[in-house]
Amino acid sequence: MPNEPNEVVIGSAPLSRADVVAVARAGAGVTVDTVARKNVATARAHVDALADATTPSYGVSTGFGALAVRSIPPERRADLQRSLIRSHAAGAGPAVETEVVRALMLLRLRTLTTGHTGVRTSTVDTLAALINARITPVVPEYGSLGCSGDLAPLSAVALALMGEGEVVTADGAVRPAADALRDAGITPVTLAEKEGLALTNGTDGMLGMLALATRDLAGLLDVADVTAAMSVEAQLGTDRVFADDLQALRPHPGQAVSARRMREALADSEIVASHRGPDCTRVQDAYSLRCAPQVHGAARDTLAHAEAVADRELVSAVDNPVVLADGRVESNGNFHGAPLGYVLDFLAIPVADVASIAERRTDRMLDVARSHGLPAFLADDPGVDSGHMIAQYTQAGIVSELKRLATPSSVDSIPSSAMQEDHVSMGWSAARKLRRGIDGLRTVLAVELLTAARALDLRAPLEPAPVTGAVRDLLRTRVGGPGPDRHLAPEIAAAEELIASGAVQNCVEEA
């Protein structure tokens, strides 16, 4: 697995997806460099000039959304910003994961430092201080329509900056924000002109979840290649279909990667070699075996497109209105989440399909009519023992759920704000269901790993390939080999943990 930085510097260089993962998951700290601080100060000077001007400026001296027609006198503008955050922190439902909120906070901090939002350096410093103190605002799941930014989630973060609402501290305790900030020596922010909008108008939640999802899915596709190879081997399938010259006839880059990985995983397998001769009468393997590189490869290519979108968003300034270099403050539509919503929805499709083909491979190993000599359900004593019969049921139930989660969110739109915001992206919803989908795919692959490893053991005395054998042996450090029925749920969980930790991927690289 890639190494993550211990500290992320914001300002001179663009953030990477690895930076997001480091802050979100590994607790890396952040530093705002001098370039960023200069950008912030320059933009703030422009906002201060507009605040003193007699001409109304949206978000600086007016209300928001459908209330933008009202000019706000200077003495009420602090109240305006505070009211904006309090009213927009209107989320509901369970709290989203800490890693999602940390990613959101980092990405909003990055946008604030572009010099296009008009916040003060003190506000930037306070947000950075919360990240470094590992104080994470409690953000409810529901409240974002993916347009005008992830409004309710970002407002929950801004509320904590003001010393209001609840937060989760580094030790996992849920506390009032005012108490946690006081104990950390952080002074709450009193928001000035434009800062309420700057803290809430962005696609940071969607982007954060996309960055995390691309990391997770890349690892799971690597796992899918090796579990598929194990299934091919266990079912006496051929590796000839993965040959480079055959794959080159259809030059999709992801397909080439998956075929190569499967070919390498099956190299020097005694099991594969045992049926290469003229005695083998099988003409073709089933699609779930033969077409694995095509399915996994298409998923890889879809992932590559999503990564490109995420990388473009990571260098974007997403706010409304924006402060331009010449001092103008202009309204725009860059907060719309369509670019992210689409790819979040796109990824849910290959997640479902990669899980679907893995479930089909698993099912074949359990069926005596198709498994080429393996015992029914890989049971020790079929009839007395049920083997992996119900583990496949679990796969089937998850795959069915993944198909439902593949229904796109981004085709939906519910108008809001008195029809001012009359078309929204629903990108936050797309991100939430993608996270559930990735969790489901991990479980499905864990069941295939368990089943294929057991099937390889049952092919003894023939030995599997060095790579597939190493993965089986890794699993055996946590899960026993074939034998009478035992409680399977902990074994599925153990296989899933080996995948989630990166141990399976590392084992393949080292074999």
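A residue counts as buried when its relative accessible area is under 20%. By that cut-off R44, at 6% relative accessibility, is buried in this predicted model. R44 forms a salt bridge with D48, with the closest N and O atoms 3.1 Å apart. The two residues are 4 apart in helix α2, and therefore about one helical turn separates them. An α-helix has 3.6 residues a turn, so residues three or four places apart point the same way.

R82 is partly exposed at 27% relative accessibility, and D79 is partly exposed at 25%. Between α2 (34-52) and α3 (77-88) runs a loop that contains T55. T55 is exposed, its relative accessible area being 54%. T55 and L84 are 29 residues apart in sequence, and their C-alpha atoms are 22 Å apart in space.

The domain assignment divides the protein into domain 1 (7-201) and domain 2 (210-510). The centres of the two domains, taken over C-alpha atoms, are separated by 36 Å. In domain 1, 45 residues are in contact with 43 residues of domain 2. About 3,400 Å² is buried between the domains, and carbon and sulfur atoms give 57% of this area. R17, H116 and L145 supply 21% of the area that domain 1 buries against domain 2, more than any other three residues.

The interface of domain 1 and domain 2 is crossed by 9 salt bridges, and 18 residue pairs are in polar contact between the domains. Elements that each supply at least two residues to the side of domain 1 touching domain 2 include α1 (17-25), α4 (98-112) and β5 (140-142). The largest share of that side, 7 residues, comes from α4. E141 forms a salt bridge with R436, the closest N and O atoms being 3.5 Å apart. Both residues belong to a network of salt bridges that also links R25, E97, E99, D216, R432 and R435.

The salt bridge count comes to 42. One of the pairs is D326 and R328, whose side chains meet at 2.8 Å, N to O. D326 is exposed at 53% relative accessibility, whereas R328 is partly exposed at 41%.

Helix α15 (residues 338-366) has 29 residues, which at 1.5 Å a residue should span 42 Å; its end C-alpha atoms are 43 Å apart, in agreement. Of these 29 residues, 23 are buried, so α15 is largely enclosed by the rest of the structure.

Key:
Residues are numbered from 1 along each chain as its sequence is written. This is a predicted model: local features need pLDDT of at least 70, side-chain atom pairs count only at pLDDT 80 or more; totals for chains, interfaces and linings use all residues. Side-chain values use heavy atoms; hydrogens and water are left out. Buried means under 20% relative accessible area, exposed over 50%, partly exposed in between (1.4 Å probe, protein chains only). The expected span of a helix is 1.5 Å times one less than its number of residues. Domain bounds come from an automatic or database domain assignment. Contact means heavy atoms within 4.5 Å. Buried area is the accessible area (1.4 Å probe) that two parts lose on being put together, summed over both. A salt bridge is a side-chain nitrogen of Lys or Arg within 4 Å of a carboxyl oxygen of Asp or Glu. A polar contact is a pair of N or O atoms within 3.5 Å; within protein, one must be able to donate a hydrogen and the other to accept it, and residues adjacent in sequence count only if both atoms are side-chain atoms.
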